[in-house]
Amino acid sequence: MTSVTLYALSGMVVVAVCVYGLVSYPHLIRKILAINVMGSGIFLVFLSFSRRVPGENPDPVPHAMVLTGIVVAVCATAFALALARRVHEVTRSSYLPEEQDPPEEAG
Amino acid sequence: MASPTNTRLRRVLIRVPAALLAASLALLLGWSVVTLPEPATGLTGLVDAEMENSGVDHPVTAVLLNFRGYDTFLEVGVLLLALVAVWSLYLAPADRDPETAQTPVLGLLVRMLVPGILVVTVYLLWAGTSRSGGAFQAGAALAAAGELLLLAGFVRGRFRRERLVRFALAGGFGIFLALGAGFMLLGNDLLEYPPEFAYGLILFIEGALTVSIGFTLAALFFGSPLEAPEVEK
């Protein structure tokens with residue numbers, strides 16, 4: 001196993017763990033964190049691919065695209081956090097209204 | 001309200017399928033990584049061949065600002081869009097009262113850190129032409145300075161010179177668009193720069209972007225400077 005495969009597999013595991021977190025935990029901040037970290041997993045996979053190309057230097061195009069992706073992820077996270085704050089202001093709850101019985105303790 | 005047993009059952013009913021889903025996703029994605037075709041083809045050769053036309057020495061900066069300038073341009077747009085969306089939620093500004101927020105250590109630390117951060121910002125911006133760095137890294141450092149100033153109560157979320165701040169927020173996007181479209185008049189494509197001016201232009205655009213990105217990232221943190229309109233309940 002090369003280091004490229006190791007990094008890519010780690011990124012995939014991060015993505016899978018985040019899918020579990022996103023589905024299982026109803027707290028909004030946990031969901032936002034799950035999506036944010038999932039993005040980091042995808043960046044890790046993509047960046048590891050930039051080392052797969054033949055030649056001495058890594059491919060600069062994935063690097064540039066991941067930089068762009070980070071900024072878009074920051075924007076989405078900032079907006080999601082603001083929305084979560086707004087939900088809390090309006091409903092006094094950190095859970096979506098569809099969650100009939102939010103767990104008392106953070107699970 | 002459901003009884004505690006019922007809640008626990010529901011939680012198990014959600015989490016077990018979720019764990020199975022995540023595990024199968026991990027296996028599927030892992031399999032796709034292991035079975036990638038060899039040897040990989042990349043764009044390194046293409047980028048290296050065009051480097052002399054880009055005006056900068058660092059391949060990532062060349063891709064960001066020149067070859068794929070469109071991505072960077074739209075990403076600044078996304079940043080601005082996120083700010084408009086956050087402002088429209090009318091969240092109360094995250095203001096701090098200097099009297100209570102500033103312990104002697106915090107006040108002194110912020111006073112000492114902010115000038116240093118500004119120097120780092122300029123360095124990161126300039127470094128982007130030849131090594132890792134560039135407008136977004138510099139903008140992030142600038143935003144960190146803004147957030148420190150807010151947390152220590154030196155600045156407030158509702159700015160007095162709001163018009164000036166708005167120019168700083170939208171300036172990067174505006175200058176990028178104006179230059180990109182301006183060179184169309186000279187017969188280039190959108191966001192295509194003449195190679196002889198590329199270095200100066202990229203540095204100029206990156207400088208404007210740094211200010212805009214720094215202000216926008218900090219403003220995302222600050223909350224909305226707008227007064228919520230009166231709505232009928």
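In which helix of chain A does A:T68 lie? In this predicted model, A:T68 is part of helix α3 of chain A, an element that covers residues 60–91. The relative accessible area of A:T68 is 11%, and because residues under 20% count as buried, A:T68 is classed as buried. A polar atom of the side chain of A:T68 lies 3.0 Å from the backbone oxygen of A:A64.

Attention then turns to chain B as a whole. Chain B contains nine helices and zero strands, so that its elements, read from the N terminus on, follow the order α-α-α-α-α-α-α-α-α. The radius of gyration of chain B is 24 Å, whereas the globule rule gives 17 Å for 233 residues, and chain B is therefore more spread out than a compact globule. Along the principal axes, the C-alpha atoms of chain B fill a box of roughly 70 × 60 × 45 Å.

The domain assignment of chain B gives domain 1, with residues 1–40, and domain 2, with residues 44–222, and the centres of these two domains, taken over C-alpha atoms, are separated by 39 Å. Of the 233 residues of chain B, 41% count as buried, while the chain exposes about 13300 Å², of which carbon and sulfur atoms supply 68%. Among the contacts in chain B that link residues at least 6 apart in sequence, 77% join residues at least 24 apart.

Notes
Residues are numbered from 1 along each chain as its sequence is written. Chains are lettered from A and ligands numbered from 1 in the order in which they are written. This is a predicted model: local features need pLDDT of at least 70, side-chain atom pairs count only at pLDDT 80 or more; totals for chains, interfaces and linings use all residues. Side-chain values use heavy atoms; hydrogens and water are left out. Domain bounds come from an automatic or database domain assignment. Helices (H or I, at least four residues) and strands (E, at least two) are DSSP runs, numbered from the N terminus. Buried means under 20% relative accessible area, exposed over 50%, partly exposed in between (1.4 Å probe, protein chains only). A polar contact is a pair of N or O atoms within 3.5 Å; within protein, one must be able to donate a hydrogen and the other to accept it, and residues adjacent in sequence count only if both atoms are side-chain atoms. The radius of gyration is taken over C-alpha atoms; the globule rule is 2.2 Å times the number of residues to the power 0.38. Contact means heavy atoms within 4.5 Å. Accessible areas come from the Shrake-Rupley method with a 1.4 Å probe; for residues, only the protein chains shown count as cover.
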